[in-house]
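Open the model in your viewer and keep the selection panel at hand.

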Amino acid sequence: MLSIFESEKFKTEIQNYQSQINTVTDENLKNLLNNFINKLILEVKRFDKDHEQMIFSKSLRNGAPNRDKIVEIRKTIDRKLEDWKRSNRIK
């Protein structure tokens, strides 16, 4: 069974996010980013579970809502990390 959560690419992505978050000195932002990482993990697990149920029930459902949430969370994390990096270069 294919699983995004168990994939090496996803694990590497989470590790990269964690290493970038560890460089953030603003504790509020760091907590916010960690919350987004947790949301990302939750949505990926939910997507995998829905996909598994879809296979077992042999039904076709639209996975776009979960996929869109995953994409939006990734964009938010990337944007917040980039903003933080940019703001610290100016100082």
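A contact means heavy atoms within 4.5 Å. Among contacts in the chain between residues at least 6 apart in sequence, 65% join residues at least 24 apart.

Some ground rules. This is a predicted model, where local features need pLDDT of at least 70, side-chain atom pairs count only at pLDDT 80 or more, and totals for chains, interfaces and linings use all residues. Residues are numbered from 1 along each chain as its sequence is written, and side-chain values use heavy atoms, leaving out hydrogens and water.

**Whole chain.** Switch to cartoon. The chain has 3 helices and 0 strands (DSSP runs: H or I of at least four residues for helices, E of at least two for strands, numbered from the N terminus). The radius of gyration is 16 Å, well over the 12 Å that the globule rule gives for 91 residues, so the chain is more spread out than a compact globule. That radius is taken over C-alpha atoms; the rule is 2.2 Å times the number of residues to the power 0.38. The C-alpha trace spans about 55 × 20 × 15 Å along its principal axes.

**Core.** Select Tyr17, Val24, Leu33, Ile37, Leu40, Ile77 and Leu81. Of the 17 residues in the largest nonpolar core, these touch the most other members. Such a core is a set of buried Ala, Val, Leu, Ile, Met, Phe, Trp, Tyr and Cys residues joined through side-chain atoms within 4.5 Å; buried means under 20% relative accessible area with a 1.4 Å probe, protein chains only. Now colour H1 (8–22), H2 (27–57) and H3 (64–90): each gives two or more residues to this core. H2 supplies the largest share, 7 residues.

**Last stop.** Centre on Leu81. What does Leu81 touch, not counting residues up to four places away in sequence? Tyr17, Gln20, Ile21, Val24 and Leu33.

Notes
Buried < 20%, exposed > 50% of the residue type's maximum accessible area, 1.4 Å probe, protein only.
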